[in-house]
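These notes are meant for a colleague opening the structure for the first time. Please keep the sequence and the 3D view at hand while going through the points.

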Amino acid sequence: MHRIFLSYNNIISNLGFDSKTVVDNIANGISGLESIENPALLPEAFCASMISSEKLNESFEPLGNPMDFTKLEQMMILSLQHTIKASKTKLDDKVGLIISTTKGNINVLENDTAFPKSRAYLSMLGKTIQNFFGFKNEAIVISNACVSGILAISAAKKFIIQGKYDKVFIVSGDLVSKFVLSGFHSFQALSSSPCRPYDKSRNGINLGEVASSVLVTVSDINFPTEAVEILGDATCNDANHISGPSRTGEGLYRSVIGAIKDADVQVGDIDYISAHGTATSFNDEMEAIAFDRLALTHVPINSLKGYFGHTLGASGLLETIIGMHQVDRNVVFASKGFNELGVSRKIYIVDQNLGKELKIFLKTASGFGGCNTAAIFKKVNG
Amino acid sequence: MESKYYISAYCHIKNGAISVNGIPDFKDDTEAFAPFAKKAYYALKIEHPKFFKMDNLGKLAFIAAEALLKTEYTQEIEENIALVFSNRSASLDTDRKHQASIGNMEAFYPSPAVFVYTLPNICLGEISIRHSLRSENSFFIFDRFNAEHLMLYSNSLLQEKKAEKVLCGWVDFDAEDYEAFLYLVGMEGNIENSIQEINRLYNIL
């Protein structure tokens, strides 16, 4: 029976360019969200976490010419470079590469960029990353709305069990772009102040740009302390509406049930839930209903969107990595932006850092198109 | 590796023609996709008003799934059918439309009805709603049709009993070029779910 693990990892965000720095900042309650006035991105001021291009170029320079790579590519390459190096992995033909993103280099569709519009093809993004590192296998790109990051972990596990790879590197990323800002603005889904997941006064999402990467592997030697085993996962569509979540949380409910069954654990084994918590009225309410139906109301939950904003195709992986580090430190970080419960079911949202022995955690995500994904992880060390 | 799974049906849509299991089902000489899709909708007796709100990729995927599943099932679908689709262009056709609506700050008119389709997996949602499929979904982006990874993924879902059947394939829409190839994998069928056979069917027309 294959045991599959999440191992070395990295995060590139405005809270830091390595996982430890990012996690330390979160532990200290520091958020990457800031108010931004940039009419080139959105007519009104908005709240988001964005990475300084200057800082990014500076860090990227030792690896390559920043002029040859888009912002997203620099973020992804920097992240993956760190993870590959830390894991000391030789990129042979049993090593795969999966990329998760919703919009990739979508900003090249604008007229005044230095890159051709063909760079918007996600397979081009894949090739660029693949060729930079010399992966022997073609990059597999997953673009499945906001569940992409967790789906990539699930896909990596499947391909390894099917014998195609022994190891898979996943790199995920998305930008805060005019394209996406304007889109969510048209839905009136953006909040101009820091988002407040599950809170009574929540009024919309913030966006965030992040790249993160992780090594998925069968090998259980040479692990960092935050390594976890992927016990199980499941994905389920609501079959209800393409942009609004199911009122009964049906897809999320079924995906958690599916993940629990796949992991061969009980509901009572779950120590912590890293939920999706985007701070829209509908999403957070749907999750509360699903978690209540699942009898998970006593389990501490946080949303990390209050630190990073919604990082779209990166969110599932980014938040899973933070989950790994919380479990390593035996602390559930405060769900930033939360003050007073504003959902119809009494779920347990952590409002300050909670020290607790953590062994098994559940990560969930939901997205446009009615998709929902759940995955269950177990601490390796201790 | 010996495949235990089989392809029971497949469908192609290309150049104004729909065929199911290699047999022509509907043809129209219209060059443009939109009128072709409308005619196919009526010819297949689809009866799903929301069809007309879908973007091009959505309509293409929807018609392909409908043509295949209609042939395969005469009664209500009760099986757990996972959806594993892929393409090269993601949602670029609609992305360009959204981009055009925001390109100029003087004429800034982004629309939620367009923006919602700027994700390739939305078509999976449309098909799920139509056929009440509360099932596993994944959308992959490849440079060209990739039988191997579709096979690995669908075999995995079936082996792990996460699905009873898997509707897989390629649905691509870019400018006026469109192409759909969907096939249904399960425990029974005449054609082996292997890389060779999948590619053979893909190239059959």
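1. Terms for the strands. Two strands pair if DSSP finds at least two bridges between them. Helices (H or I, at least four residues) and strands (E, at least two) are DSSP runs, numbered from the N terminus.

2. Basis. This is a predicted model, in which local features need pLDDT of at least 70 and side-chain atom pairs count only at pLDDT 80 or more, while totals for chains, interfaces and linings use all residues. Residues are numbered from 1 along each chain as its sequence is written, and chains are lettered from A and ligands numbered from 1 in the order in which they are written.

3. Strands of chain B. Strand E6 (residues 165–174) of chain B has nine of its 10 residues buried (buried: 20 or more other C-beta atoms within 10 Å of the residue's own; exposed: 12 or fewer; partly exposed: in between; C-beta atoms are placed from the backbone). E6(B) pairs in the parallel sense with strand E4 (residues 81–87) of chain B over six bridges, and Phe85(B) stands opposite Gly169(B) there. With strand E7 (residues 177–186) of chain B, E6(B) pairs in the antiparallel sense over nine bridges; Val171(B) has Ala180(B) as its bridge partner. Two residues lie between the strands of this hairpin, where Ala175(B) takes a positive phi near 55°.

4. Leu182(B) is in contact (C-beta atoms, placed from the backbone, within 7 Å) with residues including Ala64(B), Leu68(B) and Gly169(B), leaving aside neighbours within four places in sequence.

5. In total, 43 residues of chain B are in contact with 44 residues of chain A. The chain B side divides into 20 nonpolar, 15 polar and eight charged residues (nonpolar: Ala, Val, Leu, Ile, Met, Phe, Trp, Tyr, Cys and Pro; charged: Asp, Glu, Lys and Arg; polar: the others, Gly among them). Strand E5 (residues 140–142) of chain A pairs with E5(B) in the antiparallel sense over two bridges, with Ile142(A) opposite Phe140(B).

6. Domains of chain A. Domain 1 (5–217) and domain 2 (229–379) are given by the domain assignment of chain A, an automatic or database one. Their C-alpha centres lie 20 Å apart. The contact takes 57 residues from domain 1 of chain A and 54 from domain 2 of chain A. Helix H5 (148–161) of chain A is among the elements on the domain 1 side, and H5(A) supplies the largest share of that side, eight residues.

7. A helix and a loop in chain A. In helix H10 (residues 315–329) of chain A, 13 of the 15 residues are buried. Just after H10(A), Asn330(A) takes a positive phi of about 55°. Gly342(A) is found in the loop between strand E12 (331–332) and strand E13 (354–355) of chain A. Why is Gly342(A) counted as partly exposed? Because Gly342(A) has 19 C-beta neighbours inside 10 Å.

How values were computed:
Contact = placed C-beta atoms within 7 Å.
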